[in-house]
Amino acid sequence: EDFLNLIFKAMMKDSLNSSHPVSSAVQSSEQIEEMFDVLSYIKGASLLLMLKHYLTKDVFQAGIEVYLHNHKYGSAQSDDLWDSMNQITNGTLDVKKLMKTWILHKGFPLVTVVRKGKIVSLQQEKFLYCMEPENWTSDASYLWHIPLTYITSSCNFTHCINAYLLDRKSGM
């Protein structure tokens, strides 16, 4: 419950146009200090949990093991983690491409789901809690690669999980 409360606080901060990406280039030590806030840590942890759920626990764990093995006693960059995950997925999913849409964009998407009979349509747009005129910039080009999981009447959550990657503004 505590982590869930922290996630909602981070989402509130991230839903403002004055938010910042989880990862960005910095020019000074002051900018480095600004980057290490609740948003970076909690959003970062949430993104790793999202990735773990999408890849499955075993695949995620194997990617972490490859990452730790390849970078023991050395330094690493965020791309190194995604590259390790890509090694494990054998090119079936571009984890780096997926995760860059989350760590390089500020904010998060709102996914609208509309069902008409057996047809389900999805649409994503950036979620903003409120507009701050002094800080407003157009983020219409933001596009997240959103891993979605769902169940159907022929399948329940504990036995099978269907997955879909929404990597466009809308999809079916």
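Predicted model: local features only at pLDDT ≥ 70, side-chain atom pairs only at ≥ 80, totals over all residues.
Visitor: Why is the pair of F108 and F127 called stacked?

Guide: Planes under 30 degrees apart count as stacked, over 60 as edge-to-face and the rest as tilted. The planes of F108 and F127 are 20 degrees apart, and the centres are 5.4 Å apart. That is under 30 degrees, so the pair is stacked.

Visitor: What does the pair of F108 and F127 tie together?

Guide: F108 lies in the loop between α6 (95-103) and β1 (109-116). F127 lies in the loop between β2 (119-126) and β3 (146-150). The pair therefore ties together parts that are 19 residues apart in sequence. Helices (H or I, at least four residues) and strands (E, at least two) are DSSP runs, numbered from the N terminus.

Visitor: What makes the pair of Y142 and W144 edge-to-face?

Guide: The angle between their planes is 80 degrees, with 5.6 Å centre to centre. That angle is over 60, so the pair is edge-to-face. Y142 is buried at 15% relative accessibility. W144 is buried at 0%. Ring pairs also link W102, Y142 and W144 into a cluster.

Visitor: Is F36 buried or exposed, and how do you know?

Guide: F36 has a relative accessible area of 55%, so F36 is exposed. F36 lies in the loop between α2 (29-35) and α3 (38-55). F36 and V22 are 14 residues apart in sequence and 8.9 Å apart in space, C-alpha to C-alpha.

Visitor: How do you know that β2 and β5 pair?

Guide: Two strands pair if DSSP finds at least two bridges between them. Two bridges join β2 to β5, so these strands pair. They run antiparallel. L122 stands opposite G171 in β5.

Visitor: What makes β1 and β5 edge strands?

Guide: Three strands form an open sheet in the order β1-β2-β5, with antiparallel pairing. β1 and β5 (170-171) each pair on one side only, which makes them the edge strands.

Visitor: Why is α1 called roughly perpendicular to α3?

Guide: The axes of α1 (residues 2-14) and α3 meet at an angle of about 115 degrees and are 9 Å apart. Axes are lines fitted to C-alpha atoms, for helices over the stretch in contact, and angles run from 0 to 180 degrees between N-to-C directions. Angles under 35 degrees count as roughly parallel, over 145 as roughly antiparallel, 65 to 115 as roughly perpendicular and the rest as oblique. So α1 is roughly perpendicular to α3. Residues in the contact (heavy atoms within 4.5 Å) include F3 and L6 of α1 and V38 and L39 of α3.

Visitor: What makes α3 roughly antiparallel to α6?

Guide: Their angle is about 150 degrees, with the axes 11 Å apart. That is over 145, so α3 is roughly antiparallel to α6. Among the residues that meet are Y54 in α3 and W102 in α6.

Visitor: And why is α3 called roughly parallel to α5?

Guide: The angle is about 5 degrees and the axes are 13 Å apart. The angle is under 35 degrees, so α3 is roughly parallel to α5. The contact is made by L48, L51 and L55 of α3 and L81, W82, M85 and T89 of α5.

Note on methods. Residues numbered from 1 in each chain as written. Heavy atoms only, no water. Phe/Tyr/Trp six-rings, centres within 6.5 Å; stacked < 30°, edge-to-face > 60°. Buried < 20%, exposed > 50% of the residue type's maximum accessible area, 1.4 Å probe, protein only.
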